[in-house]
Amino acid sequence: MDLHLLERVTLAVAGNRHVADVLRLIVEGLRGEPWCALARIWLVEPPHSLRLAASAGRPDGGEDWDRVDGAFQRFAIGERKIGRIAESGEGVLILDVRQDRQWPVDLAWAERQRIRSFAGQPLRFRDEMLGVLGVFSRETLDEQAFAWLRVFASHAAIAIANARAFEDIEALRGRLEMENAYLREEVTEAAGGMLGESPAMQNLRRQAELVAPTEANVLIQGASGTGKELVARAIHAGSSRRAKPLVKVNCASIPSELFESEFFGHVRGAFTGALQERVGRFQLADQGTLFLDEAGEIPLGLQAKLLRVLQEGEFERVGEDRTRRVDVRVIAATNRNLESEVEAGRFRQDLYYRLSVFPIRTPSLKERMEDVPMLAQHFLRMAARRLPVPLPRLTEENLASLTSYDWPGNVRELQNVMERALILSRGGPLTFHFAPPRKVAAAGSPMTRAELRAAERESIAAALRRSGGKVYGPGGAAEVLGMKPTTLASRIRALGVTVRES
């Protein structure tokens, strides 16, 4: 034993910021010594076990001693000589493994590999037990070699602790950067909140307020563009977790092969392209809320792992054996009918029940047309402030046009229509450009938007002719058409129906 090995390994691991690299350098440094047949490091893994984390040796025959699996990959603390070293903090030296009766090894393996001695030392940094360093030799290790290994283990423990500290700092930096990004996103997207005073919106707010203070998982179902994310933000803001971030995952935008990494994170080198450690969304949302948007897109193969973290709060990063614990509330959203997906075998029934402890349905804009004027004014004000341009006035004709459209794209479409109208107005009157009407099942060829508008004009004109130009009251055009008089008056103005036409 000489100090040159200690110096070489110490210099090699100095400043290395990855635990896996430090462990590999330690065991490979020992393997290079003629007296060392096999060097292994077991790390303490909560709550009470040791896991083989690094191995390197020079076997006789075809055995692979670089592997970290197999019969001796795990020990309970206190079990056999490795577990005893971790429990007591004292090293173990076996001069001749063939004669030892207290700490027997696999004698057939020892004979086959000509192993004579074993030395094990605790990896302790300050008051923390990090693991155990074990060395098997084909030579007889004496007390001097055992003392040297104690010094080597002390330096190795310092290197491991430093690498862990670097990794923790890097992970914390990454987490803070992601949290800041989420907070900026929340500030950007939260403007407006759950606007509307229609009965449908009042009921939706009551449901959100009712479930927010609980820890129940929530499933928000509704068509695209109905504000499911706003409901999730309202629930998070009303919960005890509001001081922590609301982390969003758009399940529809994640490639299938990256779902597990996105949810649970990965270690460096876990797969091609994994150049650095990544914190997963569950870990990022610890103590907070995770919003799974488009949850119906989660691959069936990953749903069991998702169910486990929801039930037990445990997961492993991709490429890592260490089990991590998190405390996360999940709010899921989908525009799919998950019950139908369960029946079709595309979604696990147990996961569906775990997600839908408290189901909420967001109403379409067509179900809350009373809210259109308020929402239109809000989106117009937001767009004018952002562009920035003077805020135009919404006329009665504008409102009549907006409330006569069925809004297949819901609130999101309304926001886009208002912003587009503001850009195109150039300071003049607002003109709205709606999407082409959806085709409906009907006899004959479907009508275009222009044809529908012309047909509506003709229908109103015919009703006015029948009523003698009277809109309100008994026998009026509103009664003939089955419409509210105020709505009909707005449509007359919006369509430009004249008395001459009637």
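I take contact to mean heavy atoms within 4.5 Å. The model I consulted is a predicted one.

**Entry 1: helix H3**

I looked up helix H3, residues 80–88, and found Lys81, Ile82, Gly83, Ile85 and Ala86 buried. I then asked which strands are included in what covers the buried residues of H3. I noted strands E1 (36–45), E2 (49–57) and E3 (74–76) among them, and also E4 (92–94), E5 (117–125) and E6 (128–137). After H3 comes Gly89, for which I recorded a positive phi, near 75 degrees.

**Entry 2: Thr289**

I located Thr289 in strand E11, residues 289–293. Leaving aside residues up to four places away in sequence, I listed His236, Arg241, Pro245, Leu246, Val247, Arg329 and Ile331 as touched by Thr289.

**Entry 3: helices H13 and H15**

I examined the packing of H13 (residues 372–386) with H15 (residues 410–425), whose axes lie 9 Å apart at an angle of about 50 degrees. I therefore classed H13 and H15 as oblique to each other. I noted that the crossing of H13 past H15 is right-handed. On H13 the contact is made by Val372, Leu375, Ala376, Phe379, Leu380, Met382, Ala383, Ala384 and Arg386. On H15 I recorded Val411, Leu414, Gln415, Met418, Glu419 and Leu422. Sorted by class, the contact of H13 with H15 comprises twelve nonpolar residues, one polar and two charged.

Technical notes. Residues numbered from 1 in each chain as written. Predicted model: local features only at pLDDT ≥ 70, side-chain atom pairs only at ≥ 80, totals over all residues. Heavy atoms only, no water. Axes fitted to C-alpha atoms, helices over the stretch in contact; angles between N-to-C directions. Helix = DSSP H or I, 4+ residues; strand = E, 2+ residues; numbered from the N terminus. Parallel < 35°, antiparallel > 145°, perpendicular 65-115°, else oblique. Left-handed = near helix turned anticlockwise from the far one by under 90°. Nonpolar A, V, L, I, M, F, W, Y, C, P; charged D, E, K, R; others polar. Buried < 20%, exposed > 50% of the residue type's maximum accessible area, 1.4 Å probe, protein only.
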